[in-house]
Amino acid sequence: MKSAKKSKNTSENNDGTTILKKRRRRLPFLYEPVIPVDYTEHGVETGAKIDEQKIDIPDVEYIFNTTKPFNLEQTKEWLWAHGYEFAPTTVIVDTDDGNALAKYRDRHPNFFVSIMPLNKVRHLNTLLNRANEELADGGYLWCHCRTAVLKRELIMQRFPPVLNKVVYFGHYFWHRFSAKMPGLKKIYFGITKGKNRTYNRVEVLGRMYRAGFEVVDEEFRLGEFFVLVRKVKAPIWNDEPTCGPLIKLRRVGKGGKLIGVYKFRTMYSYSEYLQPYLYQRNKLQEGGKFADDYRVTAWGKTFRKLWIDELPMIINMLKGDMKLVGVRPLSRHYFSLYTSQMRELRIKAKPGLLPPFYYDKESPKTLEEVQESERRYLEAYLKKHFLTDWRYFWGTFTNIVFRGKRSK
């Protein structure tokens with residue numbers, strides 16, 4: 001007998017079975033976008049990998065490693081087909097409602113596998129926080145999404161030159177800008193119901209840490225971003241993450257009081273929650289800043305170089321939270337990296353806009369040298385407030401204007 005001809009609309013699955021492809025009608029000028037098999041994004045190469053971790057739940061490694069060569073649809077099909085093999089504490093969920101996870105409480109879950117793409121979840125923080133609360137201590141969550149960077153690449157491939165930039169601008173304005181701006185945000189969610197949202201990789205990871213998880217593995221599988229996280233603490237419910245161009249960051253001020261420091265956004269949303277992960281994976285570079293900080297956007301680098309991002313700190317000076325000259329206000333995580341003596345010394349004075357770094361002849365290269373620079377300033381300031389700030393201001397002015405000193 002002659003073998004039946006394969007239709008152009010069918011393909012063979014891994015087990016030899018035939019699956020139907022959805023037929024799509026395309027406009028003549030549209031190009032078929034192609035996702036490279038080895039697609040990845042900057043920062044993933046230094047991210048956490050499951051091989052580096054000790055996994056104490058067999059289903060985690062079994063599911064993770066078995067589905068590794070599959071695309072998204074094949075992974076979903078395999079999970080549903082093999083669900084009977086998993087322990088009762090391993091739960092496959094396909095919902096965008098975080099409150100729906102409570103129905104699995106009696107199973108005492110220690111591993112949630114989320115089928116629903118994060119892009120389709122309207123209240124993502126609620127879903128992640130509820131997953132944390134329903135999981136046992138040390139439990140795992142595995143989920144996925146399509147990132148903003150890949151969406152941009154596919155749009156640029158799909159449309160011809162010039163038109164692709166116009167289409168991408170519309171996509172960015174609608175799914176990134178409108179979804180985060182007051183006023184437009186209500187219109188956006190009223191129309192889209194939160195479906196097809198666009199997240200950057202950094203934002204996804206930041207939301208995980210806000211929800212009380214730590215990243216165990218992150219990778220791209222044929223264009224889909226998969227992240228495996230482990231519950232390490234309770235989620236944060238009562239903060240207000242800032243997503244607009246003007247942000248308010250929690251920083252340690254005088255007396256150890258947390259103050260809201262205003263800046264223009266130079267990083268992706270939820271970047272502030274990612275500091276522990278970045279420090280663990282990338283450490284610090286010369287000057288005490290995070291090495292290869294991929295949280296900073298392209299235009300954010302320009303803002304920082306010209307100090308535009310720090311202009312809103314004038315608001316803090318007017319409110320009395322900060323002064324012109326002084327040590328930089330630090331996040332709680334960065335503050336915890338300082339020695340106990342320096343932490344005690346730092347909270348005796350208000351933080352400032354112009355740090356001692358710019359006054360020193362030799363720029364500090366390590367965190368220890370940064371602390372020593374700040375110690376010299378603080379000890380002098382606590383003895384003579386006005387004279388110390390006057391001297392540091394003009395020294396800083398001279399170094400910046402005439403010697404071209406810049407923060408690296």
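On a 1 Å grid laid over the protein atoms alone, a cavity is a set of points where a 1.4 Å probe fits but cannot get out, and its lining residues are those with an atom within 4 Å of a point. The model examined here is predicted, so that local features need pLDDT of at least 70 and side-chain atom pairs count only at pLDDT 80 or more, while totals for chains, interfaces and linings use all residues. Residues are numbered from 1 along each chain as its sequence is written, and side-chain values use heavy atoms, with hydrogens and water left out.

The protein chain contains 14 helices and 11 strands, these being DSSP runs numbered from the N terminus (helices: H or I, at least four residues; strands: E, at least two). Along its principal axes, the C-alpha trace of the protein chain spans about 95 × 55 × 40 Å. The accessible surface of the protein chain comes to about 22300 Å², of which 57% belongs to carbon and sulfur atoms; areas of this kind come from the Shrake-Rupley method with a 1.4 Å probe, and for residues only the protein chains shown count as cover. Of the 408 residues in the protein chain, 48% are buried, where buried means under 20% relative accessible area, exposed over 50% and partly exposed in between (1.4 Å probe, protein chains only). Among the contacts in the protein chain with a separation of 6 or more, 66% are accounted for by residues 24 or more positions apart, a contact being heavy atoms within 4.5 Å.

A nonpolar core is defined as a set of buried Ala, Val, Leu, Ile, Met, Phe, Trp, Tyr and Cys residues joined through side-chain atoms within 4.5 Å. The largest such core holds 57 residues, of which Phe112, Leu141, Met208 and Val227 touch the most other members. Apart from this core lies another, of 20 residues, which includes Ile50, Ile55, Trp142 and Val216. When residues up to four places away in sequence are not counted, Met208 touches Leu118, Leu128, Cys143, Phe213, Val227 and Val229.

Three cavities of 30 Å³ or more were counted, with grid points joined across faces, edges and corners and each volume taken as the space filled by probe spheres set on the points. The lining of the largest cavity divides into seven nonpolar, three polar and one charged residue, where Ala, Val, Leu, Ile, Met, Phe, Trp, Tyr, Cys and Pro count as nonpolar, Asp, Glu, Lys and Arg as charged, and the others, Gly among them, as polar.

The second largest cavity, with a volume of about 50 Å³, is lined by Val93, Leu101, Ser114, Leu118, Leu127, Leu128, Ala131, Leu141 and Cys143. Two or more residues of this lining are given by helix H3 (124-134) and by E5, and the largest share, three residues, comes from H3. Eight residues of the lining of the second largest cavity are nonpolar and one is polar, with no charged residue.

Helix H3 is itself largely enclosed by the rest of the structure, because eight of its 11 residues are buried, namely Leu124, Asn125, Leu127, Leu128, Asn129, Ala131, Asn132 and Glu134. The cover over these buried residues includes E4, E5, helix H7 (201-210), strand E6 (213-221) and strand E7 (224-231).

Arg210, which is found in helix H7, counts as buried at 5% relative accessibility. Residues up to four places away in sequence aside, Arg210 touches Asn125, Asn129, Pro235, Ile236, Trp237, Asp239, Pro241, Tyr270 and Tyr273. Asn110, in the loop between strand E3 (90-93) and strand E4 (111-114), is likewise counted as buried, at 18% relative accessibility. With the same exclusion of residues up to four places away in sequence, the residues that Asn110 touches are Ile57, Thr89, Thr90, Leu135, Ala136, Gly139 and Tyr140. Tyr277, placed in helix H8 (residues 275-282), is buried with a relative accessible area of 0%. Tyr277 touches Gly47, Ala48, Leu205, Tyr209, Val215, Glu218 and Tyr294, again not counting residues up to four places away in sequence. The C-alpha atoms of Tyr277 and Lys305, which lie 28 residues apart along the chain, are separated by 25 Å.

Key
1 Å grid on protein atoms, 1.4 Å probe; cavity = no way out; pocket = protein on both sides within 12 Å on 5 of 7 lines; lining within 4 Å.
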